[in-house]
Amino acid sequence: MTVTQDLSFVSLIANASVLVQMVMALLLLVSVMSWTYIFRKYFTIRAANRETAEFERIFWSGGNLNALYEQATASHPHQHKGALPRIFEAGMREFNKARAANVQKEVHDTSALLDGARRAMRAAYQREMDALESHLAFLASVGSVSPYVGLFGTVWGIMNAFRGLANVQQATLASVAPGIAEALIATAIGLFAAIPAVVAYNRYSHDIDRLAIRFDTFIEEFSNILQRQAR
């Protein structure tokens, strides 16, 4: 009589050793967290690109800077303004404060005005970049570590499979296959967690670098505009 073994994924996972099951559970948890950050970061970067393009269109349309600043500061505190509007607001706020202080002291220090505004914009720029780059390190770690964690589970499972053969008089492929198959599932889950994380990390790093270039360019061009106004 031929005995047919159940080699379905559910059966293989259920019959795996405790350590291999723990590895699989860890990788599944990491995969769920990774996909959560992937979708969150996708919507965050898409919104940042849209808000940056909209603000650049308004800014370079030739409107009054003070009116644009008042419009930005008049927004509701909980309203999402966008990264570039916040950089502009920080620079314009510092510029207006420094200019008002110079008027009271009856001094005209153009370099101090520009340095203060530039530092304020750089500080806002760093805050925005830190927010955009959040969780990218987690995706990078998942992409680099998950295959090795899955491989560890596979090696442990194969070790157990071959140790079980020591108690068998005649080793056949049918007796080895279930143990090896359940061990290889750990590697498959590790790759399932790693591949999307690596792709997302590379894509989002590229998109964030492009946003950083746009922010840097705006800071330099806006500094030139402030320099002309300070004269």
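Predicted model: local features only at pLDDT ≥ 70, side-chain atom pairs only at ≥ 80, totals over all residues.
Residues are numbered from 1 along each chain as its sequence is written, and side-chain values use heavy atoms, with hydrogens and water left out.

Aromatic pairs, then. Rings of Phe, Tyr and Trp (its six-membered ring) pair if their centres lie within 6.5 Å; planes under 30 degrees apart are stacked, over 60 edge-to-face, and the rest tilted. The count by this rule is 14 aromatic pairs.

One of them is Tyr 37 with Phe 138, edge-to-face, at 5.2 Å centre to centre and 80° between the planes. Tyr 37 is in helix 2 (residues 18-59) and Phe 138 in helix 6 (residues 136-165), so the pair ties together parts 101 residues apart in sequence. Helices here are DSSP runs of H or I, at least four residues, numbered from the N terminus.

For accessibility, buried means under 20% relative accessible area, exposed over 50%, and partly exposed in between, with a 1.4 Å probe and protein chains only. Tyr 37 is buried at 18%; Phe 138 is partly exposed at 24%.

Next, Phe 88 and Phe 222: ring centres 5.1 Å apart, planes at 50°, so this pair is tilted. Phe 88 sits in helix 4 (residues 83-105) and Phe 222 in helix 7, 134 residues apart. Phe 88 is buried at 0%, and Phe 222 is buried at 0%.

Last, the arginines. Arg 203, in helix 7 (residues 173-230), is partly exposed at 48%.

Terms used. Helix = DSSP H or I, 4+ residues; strand = E, 2+ residues; numbered from the N terminus.
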